[in-house]
Amino acid sequence: MSRILIVSNRLPISTIRRGRTIKFKPSVGGLATGLKSIMGKFEEHLWIGWPGIVLDNSAENDRTKIISHLAQENCCPVFLTHAEVKDYYEGFCNKTIWPLFHYFIQYTRYDVNLWNTYVRVNELFCETVMAVARPDDVIWIHDYHLLLLPKMIRERLPGAAIGFFLHIPFPSFEVFRLLPWRREILEGMLGADLVGFHTYDYVRHFLNSIRSRLSCEISFGQITIGKRIVKTDTFPMGIDYERFAQAARIPAVKEKIENIRERVKGRKIIISVDRLDYTKGILHRLESFDLFLDKYSEYRGKVTLILVAVPSREGIEHYEKLKRQLDELIGRINGKYGTFEWMPLWYLYNFLDFPELAALYHAADVALVTPLRDGMNLIAKEFIASRHGTGGVLILSEMAGAAKELREAIVVNPNNADRIADALHRALTMSKREQIARNREMQKRLRQYSVQRWAECFIRELTVFKEQQRTVFSRKLSTDIQNVLLHDYHTGTRRLLLLDYDGTLRPFESRPQQAKPDKELMEILAGLSRHTGNDVLIISGRDKETLDTWFGGIALGMVAEHGVWIKEHDGEWEMIEYLRNNWKSEIRPLLELYIDRTPGSHIEEKEFSLVWHYRNADPALASMIALELKDALINLTINLGLEVLEGSKVIEIKNREINKGRAALRWISRGNYDFILAAGDDLTDESIFNVLDRKAYSIKVGFGFTNARYILDSSKEVRELLKSLVKKDI
């Protein structure tokens, strides 16, 4: 690999001013740890971000010193002004995106001035990237501070390999739609080739928002936007597993473990470690602990909750208010239950270095991790990694992304104080054998999917997908290839043209009956059918009556209902094999139920298939209903010999054995063609491409992954190609 550029709000090295001196302090965060493993796999690497210091215009010497020092650490700083930090980081990032994406709608500000600063800072990051970027760089952008950056870079480096990872939740569409700049955010993220999230729920929310706001085609997590394909996937972030698993062997950690245990004097230890943030549910947690001491009074004097709240975003109103509420609640609980010999709560409002944190994990009996909403939560994973052979119980909120992986924890609803109180009792009475068994299962997963593996999986997926994209781009039917195609056509003596209709010869319409062939198309098809040696075949999902009405006056072969009915240009309609259609009475009521639930949808009934159309329905509602309907149909038809086929805004139910490829073989198998061209736009046409040999000209209409040899962008380009075939020999 060549070079990787990491772009994040903060650099892995913080710049600190102490008096007149500039100091540099390395970060020990999970992101920096995980990316170290990736950087070593590239020939070069560069990290771009804010160094954490604001310089005035007179501090040019400091600026030069910072740039010089960071360059030695393969870091490139983006300098921000006081106003930019205030309106970008403290403002739009943490007063708009952070609360909204964590479902704290009541805290969200919709201020156009904050938005404008957010745009401007993203542009500043883009300018910094462009000043150092090379065409073959891999660019990995991180988190909610830079949601617009992928598109900005894409516009300047169209061929770049760009990945984006969101470290916080992506909210449901009902919440995301509240954001006035939702379209710009989505388009910004879709500038990436690969967009990663911690959990499938976040992927699903992201895709639902895209369907609703952008009306893109989405299939298997791949989004077709213009002439690009963007992939979404889940990459649950891990931790530096071995660092925590081996920490108890460090003498400094051993000493601190002994000090903690000596101070608690044999009592059970519950730990709670979080940044001071309203999303973490710290107040709810303490109220649950209060209820636990009230409900299970036998534990008074026998248990200590050590609460660590790491200072976070000081100076922001909601955080200052939270700090006051926390201080008051701690005082109330200690005053209510405390004695001269025992205080139920130990409160640390400070950052813990690694030995202190590791010691706390090892000394604890229970970890209480109950955020109200959390993208992942690495505290839970760090605690489990630290508990080799020593037991320990994790109580984990179901609202944390980590709950998807740590299923053996005691999982609770963070808003249910009574349930958390009971969970604490269960944890404190759980046998050591059960504790170890539960932790062992979680440790296997955490060891296997460490933060290093997380980073490696993301970059591997990005590079593989980028190569797949390049393969698709290389299939574009270029002018040179078209010239060869024209030569082969005009020098051939027996030619077969297999042409899909909707989306290939004619753009889609809101109502299928509106997509009648126009005069130009009829002239093209008539011209092709008159060429000596030509067999022209319309191979469509349409019913045979419609095809007869439209094309009966032209010497065309026709295939209807995706291969059920076939007709030679001089023959009559015949079934490819005997089929039954009595199954429709079982399926139709289900489709009618979904029509009632999806205004704008309708059923098209063909002789041997049923089609549910939803092109005119609300995109957000229809996309979700379509997934539900498809699942229901698959379960209903599993023993009926039927196939559920998803096309462009349609779901069709038909006999499993019938497809366009099988019908096309009626002509292909004759074996006397020296030129074959097939064109189609959706999954139903892939069966045709699959039965052609590599000498045939198979053409996918529209950008996307396909088994066709070539790609054209639209039905307009297909027409232009066919018009060139109609012309006299060249």
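**Figure 1. D422 and K295 form a salt bridge in this predicted model.** Let us start with D422, which is partly exposed because its relative accessibility is 26%, a value between the 20% limit for buried and the 50% limit for exposed. Look for the closest N and O atoms of K295 and D422, which are 2.8 Å apart. The pair links distant parts of the chain: K295 belongs to helix α11 (residues 282-295), D422 belongs to helix α15 (residues 417-429), and 127 residues separate them. Here is a general idea to keep in mind for the views that follow: side chains of opposite charge can pair when their charged atoms come close.

**Figure 2. E717 and K476 meet in a salt bridge.** Between this pair, the closest N and O atoms are 3.2 Å apart.

**Figure 3. A salt bridge joins E187 and R183 within helix α7.** In this view, the side chains of E187 and R183 come together with an N to O distance of 3.2 Å. How far apart are E187 and R183 in helix α7? Helix α7 covers residues 182-189, and the two are 4 residues apart in it, so about one helical turn separates them. E187 counts as partly exposed, at 23% relative accessibility, and R183 is partly exposed with a relative accessible area of 41%.

**Figure 4. Salt bridges can also link up in a network, as D518, E520, R719, E720 and K723 show.** Try to find each of these five residues in the view: D518 and E520, then R719, E720 and K723. For the whole chain, the count comes to 46 salt bridges.

**Figure 5. R18, K23, K25 and K65 make up a patch of positive charge on the surface.** To get your bearings, pick out K25, which is part of strand β3 (residues 21-26). Is K25 buried or partly exposed? K25 counts as partly exposed, because its relative accessibility is 48%.

**Figure 6. Strand β4 pairs with β1 and with β5.** Strand β4 (residues 44-50) is largely enclosed by the rest of the structure, because 5 of its 7 residues are buried. Strand β1 (residues 3-10) runs parallel to β4, and 6 bridges join the two. Strand β5 (residues 75-77) also pairs with β4 in the parallel sense, over 3 bridges. W47 is a handy landmark here: this residue of β4 is the bridge partner of I6, and W47 also stands opposite C75 in β5. As you follow a strand, remember that in a regular strand the side chains alternate between the two faces of the sheet.

**Figure 7. Stepping back, the whole chain has 25 helices and 29 strands.** Its C-alpha trace spans about 105 × 65 × 45 Å along the principal axes. What percentage of the 730 residues of the chain count as buried? The share is 57%.

Conventions
Residues numbered from 1 in each chain as written. Predicted model: local features only at pLDDT ≥ 70, side-chain atom pairs only at ≥ 80, totals over all residues. Heavy atoms only, no water. Patch = residues over 30% accessible without salt bridge, like charges linked within 9 Å, V, L, I, M, F, W, Y side chains within 5 Å. Areas by Shrake-Rupley, 256 points an atom, 1.4 Å probe, with all protein chains shown as cover. Salt bridge = Lys/Arg side-chain N within 4 Å of Asp/Glu carboxyl O. Lys, Arg positive; Asp, Glu negative; His and termini not counted. Charge placed at Lys NZ, Arg CZ, Asp CG, Glu CD. Buried < 20%, exposed > 50% of the residue type's maximum accessible area, 1.4 Å probe, protein only. Pairing = 2+ DSSP bridges.
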